[in-house]
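Dear colleague,

I am handing over the structure below, followed by a short account of what was found in it. Please read the account alongside the coordinates.

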2 protein chains.
Amino acid sequence: MTPQPPPTIPGPELAHLGAGTKAGPRGQQIVELLRTAIIAGHYEPGERLVETVLASELGTSRGPVREALRQLENEGLVVSLPYRGAVVLGVSDEEVQEVLIPIRLTVERYSFAKALGLMTEDDFGELAKQVWLMEQAAAAADLTKSVEADLRFHDVVISASGQTHTLQIWRSIWPRIRAYFYRYGRSSSLQQMAEDHRLLLAAMQTRDPEPVLDLLERHIAVPVPPPAGLKPTRGREG
Amino acid sequence: MTPQPPPTIPGPELAHLGAGTKAGPRGQQIVELLRTAIIAGHYEPGERLVETVLASELGTSRGPVREALRQLENEGLVVSLPYRGAVVLGVSDEEVQEVLIPIRLTVERYSFAKALGLMTEDDFGELAKQVWLMEQAAAAADLTKSVEADLRFHDVVISASGQTHTLQIWRSIWPRIRAYFYRYGRSSSLQQMAEDHRLLLAAMQTRDPEPVLDLLERHIAVPVPPPAGLKPTRGREG
DNA sequence: TGCTCGCGGATTGTCAACCATTCTGAGATT
DNA sequence: AATCTCAGAATGGTTGACAATCCGCGAGCA
């Protein structure tokens with residue numbers, strides 16, 4: 001009842017992240033905020049996320065926070081145990097290589113093949129835009145923007161394929177892969193990554209499946225064996 | 001404030017389903033209830049699920065219903081559009097064959113291989129129990145119980161593998177596959193299915209990967225091409 | 001007739017305060 | 001030393017209200 005000032009999103013700890021978010025329901029903004037924070041490593045695996053704390057930090061009520069945590073759980077960034085709350089999750093190198101990447105391959109192979117016959121000039125335009133952004137980001141050595149454009153590129157194609165479940169699965173898979181690569185070294189150079197996508201786009205415009213799938217496969221598969229010295233944390237999973 | 005009678009779960013329409021559920025938080029019970037209802041075809045693809053309606057039908061508040069709908073969304077049984085609510089989703093035959101089953105194969109191959117070295121005698125006991133239940137159910141031609149035991153069997157193994165993400169992904173995948181097979185004919189006979197698992201269990205007890213993965217692959221892969229006449233609904237997806 | 005505009009109803013999203021349920025850990029007891 | 005008990009902390013659930021958004025429908029206009 002007290003005339004409250006319009007609760008702005010960012011709180012003490014997370015203020016520096018809440019910049020580009022302003023679209024859609026609160027809960028969704030919180031998801032993006034926390035997802036970014038987790039992927040960027042602001043939270044360590046094993047760290048607890050307490051609803052009431054987050055709620056007050058973010059200036060919202062517990063409702064949206066709960067929703068956000070549920071979604072993060074589906075993205076595998078967090079696990080929540082009944083009556084015990086949410087804990088940040090790690091990804092093992094093995095699971096990424098043996099499960100997540102193969103799944104990504106299955107999903108993207110299917111989507112790209114399917115999308116080839118469906119994409120409009122507009123879609124290609126959007127892809128070109130993302131490639132351009134990627135090149136800009138690469139030139140500026142801006143990792144975050146590179147990854148952002150990369151994400152959008154694939155999201156456009158998979159969306160265009162019009163396969164509901166495939167899209168849903170992809171969206172639940174990629175955050176873990178991102179988190180993994182953020183934590184344990186990068187794959188190839190940003191320049192290489194932009195180049196990959198430029199070639200991919202060019203191939204797609206011919207609408208010929210074979211070269212597209214070929215490029216795709218090489219783009220995704222085992223971006224690089226994990227840095228030999230750095231053993232990803234195992235056992236912090238549960 | 002008014003001394004309310006303990007709100008029992010089932011409402012008018014769904015009363016006949018709320019039998020075996022009594023464990024855990026309300027929201028979880030609702031998930032199981034709705035999941036069963038959707039898989040069993042009590043809701044048609046395209047049908048809307050309205051929070052307030054469900055809440056009053058189930059004798060709870062909107063909170064748990066929202067949570068349940070979120071989880072069903074992660075299981076791909078429902079899609080929810082902002083400010084528009086949740087609608088029941090269908091699965092296309094193609095997506096099952098080209099995406100969901102390959103993913104299931106990836107997940108289970110990895111899990112079974114991993115679990116072989118980790119399973120205790122107790123775990124094997126649990127598997128044997130499920131096989132037994134499956135045989136009983138097959139003899140009684142009880143589809144529901146067969147599927148239930150099948151599910152548990154795989155869940156035990158994948159849980160035993162101790163791979164968090166793999167388990168999470170599996171749990172988000174199987175409901176769609178189940179829904180698909182419930183809607184468009186069954187694969188093989190219940191007897192065959194029980195037999196498959198008996199052989200699988202026997203092979204696992206030797207702890208030799210090769211025959212296990214071999215059996216597994218044949219058990220999962222393309223349980224049967226979809227019944228020729230019945231074309232699964234496409235386009236009711238979004 | 002065909003179009004746009006805007007309104008109202010329906011439904012989700014959020015808030016707030018409260019109680020219930022459950023887990024955990026620290027002492028106290030045996 | 002092992003077990004029991006209890007208080008604190010956190011999540012799960014409830015209620016009632018309000019805000020934000022989408023949709024369809026009808027009025028007004030060309």
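**Contact between chains A and B**

Chain A and chain B each put 28 residues into the contact between them, where two residues are in contact if their C-beta atoms, placed from the backbone, lie within 7 Å. On the side of chain A that touches chain B, at least two residues each come from helix H3 (62-74), helix H4 (93-116) and helix H7 (164-183), and H4(A) gives the most, with 9 residues. Helices (H or I, at least four residues) and strands (E, at least two) are DSSP runs, numbered from the N terminus. By class, that side of chain A has 11 nonpolar, 11 polar and 6 charged residues, with Ala, Val, Leu, Ile, Met, Phe, Trp, Tyr, Cys and Pro counted as nonpolar, Asp, Glu, Lys and Arg as charged, and the others, Gly among them, as polar.

Please bear in mind that this is a predicted model, in which local features need pLDDT of at least 70 and side-chain atom pairs count only at pLDDT 80 or more, while totals for chains, interfaces and linings use all residues. Residues are numbered from 1 along each chain as its sequence is written, and chains are lettered from A and ligands numbered from 1 in the order in which they are written.

Chain A has 9 helices and 3 strands, which run α-β-α-α-β-β-α-α-α-α-α-α from the N terminus on. Of the 238 residues in chain A, 36% are buried (20 or more other C-beta atoms within 10 Å of the residue's own C-beta atom, placed from the backbone). Leaving aside residues up to four places away in sequence, Val78(A) touches residues including Leu49(A), Leu69(A), Leu72(A) and Val88(A).

**The DNA strands**

There are 18 residues around DNA strand C, and Pro25(A), Arg26(A), Thr60(A), Ser61(A) and Gly85(B) come nearest, a residue being near a strand if its C-beta atom, placed from the backbone, lies within 6 Å of it. H3(A) supplies the largest share of this surface, 3 residues. DNA strand D is surrounded by 19 residues, the closest being Gly85(A), Pro25(B), Arg26(B), Ser61(B) and Gly63(B), and H3(B) gives the most to the surface near DNA strand D, with 4 residues.

Best regards

Technical notes:
Buried ≥ 20, exposed ≤ 12 C-beta atoms within 10 Å, placed from the backbone.
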